Amino acid sequence: MNSINRHALRIAAIYVVCSILWIVFSDRLLIFLVTEVSQRNQLQTAKGLGFVLLTAVLLYYLIARVFRARLVTEGHLLELQRIIDRSPVVAMAWKNEPGWPVCFVNDSIRQWGYCPEQLLEGRLSFAQLIHPDDVTRVEQEVVRHLAQGPDDYTQEYRLKTAAGQWVWVSDRTWVERDAEGRVMRIRGVLQDVTLIQQSQARLEASEGRLRALVTTIPDLVWLKDMDGVYLSCNSVFERLFGAKEAEIVGKTDHDFVDRDLADFFRDNDRKAMEKGGPSINEEWLTFAEDGRQGLFETIKTPVLDAHGHLVGVLGIAREVTQARESQEALRRLTQELEQRVAERTAELEALNRELEAFSYSVSHDLKAPLRSIDGYSQLLHEDYRGCLNEEGQLFLQRIRQGVTQMYGLIEDLLAYSRMERRPLESAPVDVLRLLDDLLKDQQDALMAAGLEVQLQTPASLTLAVDREGLTIALRNLLENAIKFGRGGQPPLIQVRLEVQEPSPVQEGHTGLVRFIVQDHGIGLDMKYHDRIFKIFQRLHRAEDYPGTGIGLALVSKAMQRMGGRVWAESVPGSGATFYLELPQ
Amino acid sequence: MTAFAPPILLVEDNPMDLDLTLRAFQRRHLTNPVVTARDGEEALAMMPLWEAGEPMPAVILLDLKMPRVDGLEVLRQLKAHPRFCKIPVVVLTSSGEDGDIQKAYALGANSYIIKPVNFERFLAVAEQIELYWCVLNQLPE
């Protein structure tokens, strides 16, 4: 303002000097050039008018220029004012007087519900708007800056809005001083940073939670960048390296463990990054903190940024020493068990082979001497009958009877041992046809015993069953019934076939097939029930009912192998009923 | 039958079985001579003799369980021979084991007969063997 005054004064002075000089000089020149007074007066008037005209033009030009410049400035100011007024920024200036009265505030103060005039006119003191908890600090800081600088500073404090809410503002302030360093003005821009503060608080809380998560996990957790430089780790991991996270971050494995192990870690990092997915490996780790060793399962996962670009590797290691030990123990136990089973199986197989060799010998070697006895006794009978008396001939007959009995025993024993060794073959069997065939085989025996067979069966039945096992069981029961049913009343053998369908409700109930063979002969005492199914057990004298004592044992064995069972019911004197039961 | 009737080769280790078999053939007035071998080794030892021109048997009756070389081995070697494979081999044994029957047929046995314990039936078997293999059966030249 002063400079403008001085400038204007200078122009005015120059104008006065120039005008006076022009008037004096032009008057003298006129007197010198025009002698005639009336003409000189006329010219003088004309000169005066010309001067006035010239100065008027000059004045116009100057004033117009000044006004134009002012208009431009005002326009700029207006523009600036509009921008600021619409911006979230509040521009303010304070006088350096007690209480720092506000001497300027723009319209954007209205965002907090105040009119600039309230502050400008002093109806409202700015200090009153600052939060009571903040105001002392803010004032102390201002005093310090005014006294010692720096003159450029930022404060954050809470400000009360007209609606009574508190907003956080960031106040960027400059101090203007005169040549002597006295504070002339304090100016600043204020900005509402509540949202920023809130999101920052949220960010801090979320980071805190994440940190808590990572810190609380009992696993080792760490993060490395693509070059293997540690970015972060949790406290369990700190124990591995025996260093704090701050010391670990920025370094690589090579700074903490020996070269080979570090290379191994690095290789696994690379594998995970190349694979683009988790890579798992196991490793023995030694804790630098206390020298403890443990087996760890480490999962390395590539870390991607928001754009999907690879930025590093996340590592998580969990101790599996104990799990591995129990797994190992279990494995050893299983192995031992397997070995024991294998040994047992081998023993059993050896036993089975021995049994096979045994029955082979029985079949071959036991029969050969029998054949000799039979052959030579026959030859004796044929060629030397004349030399023997009646008793001698009876002896010969007895010898040959013994041979027949022995032969039967051997054959039954062979059948029994074969039943034990033979593999089961399950195939569809037409049961009615099988029964029919068996009955045909027994036709002569039935005739001889004077017995008839009454058959009671469903129209058809096919079973998936071991044909030979079933045949042997049924044949023996039929033979038994013929043998013991002889002379019974009625002279009948009843053969029934009952089918129990699988239960649709009861799970695992497969259904049953029951063969029932009933005779009306001598029957058996039920107190011997269990004995009759054991090998070599006989309830009758051989001369009454010839047999080897193997037949029912064979039936029982066959049923057992087919997953079925056999039992008998009887009343002595009125026949016996035998049941064969097979799962369907 | 002529005097040149080809022999029957009986391979049997059990002396009584051997004796009884021979007697059975005798009883049936068998015309073919019976040559015996007491084990597999002896039976195999006949192969060079046949090569040398001795008459080949019309049929071989072969026991299975014998010391040194058993019947199955004799069967294997016979059936592997280009000429002797044509000699009919009837396994005549006490064993009715399914495994033995399977093995014998797998090796090319022509028949498998279980020796009956009963002598009467044994006689009938001897008769039928002779009738079938020495009279009825026709061999390639």
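I began with the surface of chain B: the accessible area is about 6,900 Å², and 55% of this belongs to carbon and sulfur atoms. Such areas come from the Shrake-Rupley method with a 1.4 Å probe, and for residues only the protein chains shown count as cover.

I noted that this is a predicted model, in which local features need pLDDT of at least 70, side-chain atom pairs count only at pLDDT 80 or more, and totals for chains, interfaces and linings use all residues. Residues are numbered from 1 along each chain as its sequence is written, chains are lettered from A and ligands numbered from 1 in the order in which they are written, and side-chain values use heavy atoms, with hydrogens and water left out.

I next looked up the fold of chain B, which has 6 helices and 5 strands (DSSP runs numbered from the N terminus: helices are H or I, at least four residues; strands are E, at least two). Along the sequence I read the pattern β-α-β-α-α-β-α-β-α-β-α.

I checked burial in chain B: 48% of its 141 residues are buried (under 20% relative accessible area; exposed is over 50%, partly exposed in between; 1.4 Å probe, protein chains only).

I then turned to Asn281(A), which I found in strand E8 (residues 279-286) of chain A. Asn281(A) counts as buried because its relative accessibility is 11%. Beyond neighbours within four places in sequence, Asn281(A) is in contact with Phe264(A), Asn268(A), Phe296(A), Glu297(A) and Thr298(A) (heavy atoms within 4.5 Å).
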